[in-house]
Amino acid sequence: MLQLPLVVTAQVDLLLVLVSLLAFWTRLSHLNYPNAVVFDEVYYGQFVSLYMKRVFFIDDSGPPLGHMILAFGAYLGGFDGNFMWNRIGAEYPSTVNVWSLRLLPAFCGALCVPLVYLLTLELKFSHLSALGAAVLLLLENSLIVQSRFMLLESVLIFFVLLAFFSYLRFHNAPSSSWSRYSWLILSGVSCGAAVGVKYMGLFSYLLLLVVASLHTWKLIGDKTISHMNVCVQSVHRVLCLVVVPVLLYVFWFYVHLSFLNRSGPHDQLMSSAFQASLQGGLSRITRGQPLEVAYGSQVTLRSSVSQPIPCWLHSHKVNYPIRYDNGRGSSHQQQVTCYPFKDVNNWWIIKDPGRQQLVVDTPPRPVRHGDVIQLVHGMTSRFLNSHDVAAPMSPHTQEVSGYIDFNVSMPAQNLWRVDISNREAESEVWKTILSEVRLIHVNTSAVLKLSGVSLPDWGFRQLEVVADKLFKAHSSSLEWTVEEHRYGTSQEQKEREAELHSPTHIDVDRKISFWAKFVELQWKMLTVKQEESEHKYSSSPLEWITMETNIAYWLHSSTNAQIHLIGNPVSWGVANLSLLAYQLLAVVYLLRRRRGLKDVPDGVWDQFVCLGCVCVGGWLVNFVPFLLMDKTLFLYHYLPALCYLYLLSPALLEHAHTHLLSSVTHQRALCVGALAVLLSIFLTYRTFCPLTYGSPELSAHQLQGLKWRDTWDILYRRR
């Protein structure tokens, strides 16, 4: 029988509630100030606008989940994408809800504080250590600044901390409880989200996999557990920590590609097939084109390589110079180049060498892999030709030209064999957009290739096309794709020229699969890098450790109000000392244990090792890779690594207090010192608050007083 009244008993950790409330207050208060674009908001804002308009883009800095989160915040505030993100400091109009744009990063940044508290408890340290770690994060000025704007570091850190907390909660739960696997699933989801926000999340994800692998290896060696139970638990770990993150990573791109279905500024970096799948742009031109390339087809041939820029096989009524500047001679035949713009001179006609006609038969005769063809330039009727004459800019390769018979014992060599590199069968038909084709010169076995070198003024700075015998088998510079295509119907030159200006369409439905788009987008993100340029506030990883650099995020247009990415110098120093102390203590422990001297019980040793794996390991995997990177780096790249040290500091202090100091006097002295350090951290936080929140405005003299290091760039106006 149901007994009344119904009573619910709950335990509330007041310390956790307190640090959570303070975290939300420090991160979310006055979030719409300043009402202007702040530092990298000018970068991420462009992608948010494109999301609002469902326009496709590529961001080589990371996967799409981070942009989705920022765009969702913008959507909640009714942002329509109509704002020009053209400069830092530009004022937001009244129609833009600034609070909404910055809400989700600030919310994630606030949640990091209670997460560190809980994570410290899962590392089996006391509530006092958990409070210390939470306070270090709470009063870290750089983390507050990075959380309060439309940036992604706070989101990344949130998912990383959530992944470790969830995994350790699973690991520490009783093995008899099946509900603990919900924590393992949450850990896998968090790992997938961390990698989906920024590729930096991959470092922490790999560390978590290492920790989980060590735990699984220990599980396998536990003879008190049955073989079946070991297999089941191992499979669960693989499914949750490997399969789930991989599926989620793919899912982020599925949503990204499904939602962004309109043509945009980055289309030309993608293949013709990818472009044709987007609304507008190339799809408006190619909609209804014939699928199969036939003899008599009129085509434009796009190079499959996107570097230095996308371009199309091109010719014009200008010949190569008789002699180049270096004294070498040429064939003086018509120039063939690669032109990075749509142009009527990009059209070529596929001709059967055994017939004279340049129109498509009824029914059309398709061109197949291995067929020998001729390519006739549509506007000048010159045949695509190559011969044993050195190319103008790449003399180790052959010249490619539009053949002109000068009657100088230089016969035409204009036969090309079609090699479809992505064919599925030997009799594969050459398909518009879908087929990647290599054109092999029959006489010399050289392959038509984009060298990528710009021609001099006589070639109008267009890109050089050559025929290369020493080619790499899978080089994309050798492959060409039919982008625009129509069936030719005019045999006479004048009629054909008119036809080239007015294309006809035949309805054919063709689609590119999600997996093809996913693989292509992944490859482009890894290979097509934006030009790296030196930035005023860029820095090297070694400068981060001692915070020798800062970043000016925003400066008021008429006053000294400003916001800087500057960390709390005292907290920063504590983090570095903790890292050094742990390493020294670990070396001492290991040497003494090697000699058979155990200073701490095995349970405490395991706790100490786990702390090092998570915290010191987390710092290493989030710092060392930047030493190897050849890219523009900034101070905010160090923030994930710094969070691991803030997790380490109080835990190491507790370890020293409990297991290293036997004297009560020494323990009390350590506590007094810790309280003094916490007080100085709070006072330093308050001192730098004007540069963290942008208010109150300081005088030039006060700003000079905040320049604690000569290398910091503090801006001020003298009055």
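**Cysteines, aromatic pairs and a buried helix**

Cysteine 689 has its closest cysteine sulfur in cysteine 643, 18 Å away, which is too far for a bond; a disulfide is counted here when two cysteine sulfur atoms lie within 2.5 Å. The model is a predicted one, in which local features need pLDDT of at least 70, side-chain atom pairs count only at pLDDT 80 or more, and totals for chains, interfaces and linings use all residues. Residues are numbered from 1 along each chain as its sequence is written, and side-chain values use heavy atoms, with hydrogens and water left out.

With a relative accessible area of 6%, cysteine 689 is buried (buried means under 20% relative accessible area, exposed over 50%, and partly exposed in between, for a 1.4 Å probe and protein chains only). One disulfide is present in the structure. It joins cysteine 311 to cysteine 338, with an S to S distance of 2.2 Å, and the link is right-handed, with 90° about the S-S bond. Cysteine 311 lies in the loop between strand E1 (297–303) and strand E2 (312–319), while cysteine 338 is in strand E3 (residues 334–339), so the bond ties together parts that are 27 residues apart in sequence. Strands (E, at least two residues) and helices (H or I, at least four) are DSSP runs, numbered from the N terminus. Cysteine 311 is buried at 0% relative accessible area, and cysteine 338 is also counted as buried, at 0%. Cysteine 613, in contrast, is in no disulfide; the nearest cysteine sulfur, that of cysteine 610, is 6.5 Å away. The relative accessibility of cysteine 613 is 29%, so this residue counts as partly exposed.

Attention now turns to the aromatic rings. The whole structure contains 47 aromatic pairs, where rings of Phe, Tyr and Trp (its six-membered ring) pair if their centres lie within 6.5 Å, and planes under 30 degrees apart count as stacked, over 60 as edge-to-face and the rest as tilted. One of these pairs, tryptophan 605 with phenylalanine 608, is stacked, at 5.9 Å centre to centre and 25° between the planes. Both residues lie in helix H17 (residues 602–627), three residues apart, about one turn of the helix. Tryptophan 605 is buried at 14% relative accessibility, and phenylalanine 608 is buried at 2%. Phenylalanine 682 and tyrosine 685 form a tilted pair, with 6.4 Å between the centres and 40° between the planes. An α-helix has 3.6 residues a turn, so residues three or four places apart point the same way. Phenylalanine 682 is partly exposed at 37%, whereas tyrosine 685 is buried at 4%.

Charges also sit over rings, a label given when NZ of Lys or CZ of Arg is within 6 Å of the ring centre and within 35 degrees of the ring normal. The charged end of arginine 486 is 3.4 Å from the ring centre of tryptophan 347, and arginine 180 lies over the face of tyrosine 181, at 5.2 Å.

A cluster of ring pairs links Tyr199, Tyr249, Phe253, Tyr254, Phe514, Trp515 and Phe518. Helix H14 (residues 514–527) has 14 residues and reaches 20 Å from its first C-alpha to its last, close to the 20 Å expected at 1.5 Å a residue, the expected span being 1.5 Å times one less than the number of residues. Buried residues of H14 include Phe514, Phe518, Leu521 and Met525. Helix H10 (227–259) and helix H11 (272–276) are among the elements that cover the buried residues of H14, with contact meaning heavy atoms within 4.5 Å.
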